[in-house]
Amino acid sequence: MNDNKHLKKIGIVIIGISIIYLFYFTKEFSPKKRELSRETKINTSDTLKEIKTEYENISGEIMYTLPNKAFLRMAPNSNSKVIDTLKFGTKVYIKQFMYNEEKTDNNAILSAEKQNGYIAVYFTSPKNISEKAAGFLNEKNIVDEYEFEKFKKNFSLKEFTLLESKNKRVILENSYIEGNSYSLTQDAKRAPYVLVNGDFDGDGLSDFCVALDNTKNRNSAVLVFLNNSETKEPYLAFSYVFDDYAKLAKLNKGHLLNISGTTKGLDYDAICAYKDKNNIGIIFYDDTKNKMITGSVKTTEEQEEEES
């Protein structure tokens, strides 16, 4: 009997010790509720909201306006209300991804930014995908910083600043001729003689002709740009490389010329390209050939010799 009582006491003691031990172990070594570190929170957020995070990694790419008057519109179409007019060289931003983990199609995500040839622009660098644009500009009216520096360098003189941006583009795109690079003069005294405008093919649209120089070879390339009657975009219709620097002048429609021994009035505006009074060439549109051609003009001395 005494043995049984003794065993019961021992059992109660063991149970009590076990309870104390379990309580102490559970309290001391069970996982504690800890505040997540900032780094842990970020990693957790990235894991749980991977797509949202990827969409929010937006930054602004710096762009510059090209036209002297770039119309900022409320919506991405040419009929939308003009909410502002931006000058040449106005800095704007467009949305771009800071990085791409190749899990999404950036073009699809940013599709709302580009519509109908217009692109959403911002005056401060955008931070997220939902940020509202300041307005929409024609995509052709903005360029990145590298391209903008070329425009500033080539079209800084007053004779060239009023050129439409599409005309500036097409000049730069066609400035490499017969293996040589040509550019607009930066000489203010020469500038008035290297650009003429007129309707050279009689379609009612304004065309232009420009003389680009190569200072190393000391010569000019004369380029004539006509406007496409459908697209209203300029295209290179004629080019001629001179062996010296060329000057240009406009000849108005109806002007009487003695070309190759025949006196006639011009059907359309034409271009006079010359070095001096003894070296004169005419560039004009020939309806029978449907293209710009050249003709030589007799000098005053030559005409006087024939008449005598």
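**A sheet and some salt bridges**

Start with an open sheet of 4 strands, in the order β15-β18-β19-β20, with antiparallel pairing. Keep in mind that this is a predicted model. Which strands sit at the edges? They are β15, residues 247-251, and β20, residues 291-296, and each of them pairs on one side only. On average, neighbouring strands in this sheet are turned by 25° against each other, direction ignored.

Now look at β15. Its antiparallel pairing with β18, residues 270-276, runs over 5 bridges. Find Lys247: its bridge partner in β18 is Tyr274.

On to charges. Side chains of opposite charge can pair when their charged atoms come close. The structure holds 8 salt bridges.

One joins Lys250 and Asp269, at 3.8 Å from N to O. Lys250 is in strand β15, while Asp269 is in the loop between β17 (262-265) and β18, 19 residues apart. Is this pair buried or exposed? Asp269 is buried, at 12% relative accessible area. Lys250 is partly exposed, at 37%.

Next, Asp267 and Lys264. Their closest N and O atoms are 3.9 Å apart. Asp267 is partly exposed at 41% relative accessibility, and Lys264 is partly exposed at 38%.

Last, Arg190 and Asp213, with a salt bridge of 2.7 Å, N to O. Arg190 lies in the loop between β10 and β11, and Asp213 in strand β12, so the pair ties together parts that are 23 residues apart in sequence. Arg190 is buried, with a relative accessible area of 13%. Asp213 is buried too, at 8%.

Methods: Residues are numbered from 1 along each chain as its sequence is written. This is a predicted model: local features need pLDDT of at least 70, side-chain atom pairs count only at pLDDT 80 or more; totals for chains, interfaces and linings use all residues. Side-chain values use heavy atoms; hydrogens and water are left out. Two strands pair if DSSP finds at least two bridges between them. Helices (H or I, at least four residues) and strands (E, at least two) are DSSP runs, numbered from the N terminus. Axes are lines fitted to C-alpha atoms, for helices over the stretch in contact, and angles run from 0 to 180 degrees between N-to-C directions. A salt bridge is a side-chain nitrogen of Lys or Arg within 4 Å of a carboxyl oxygen of Asp or Glu. Buried means under 20% relative accessible area, exposed over 50%, partly exposed in between (1.4 Å probe, protein chains only).
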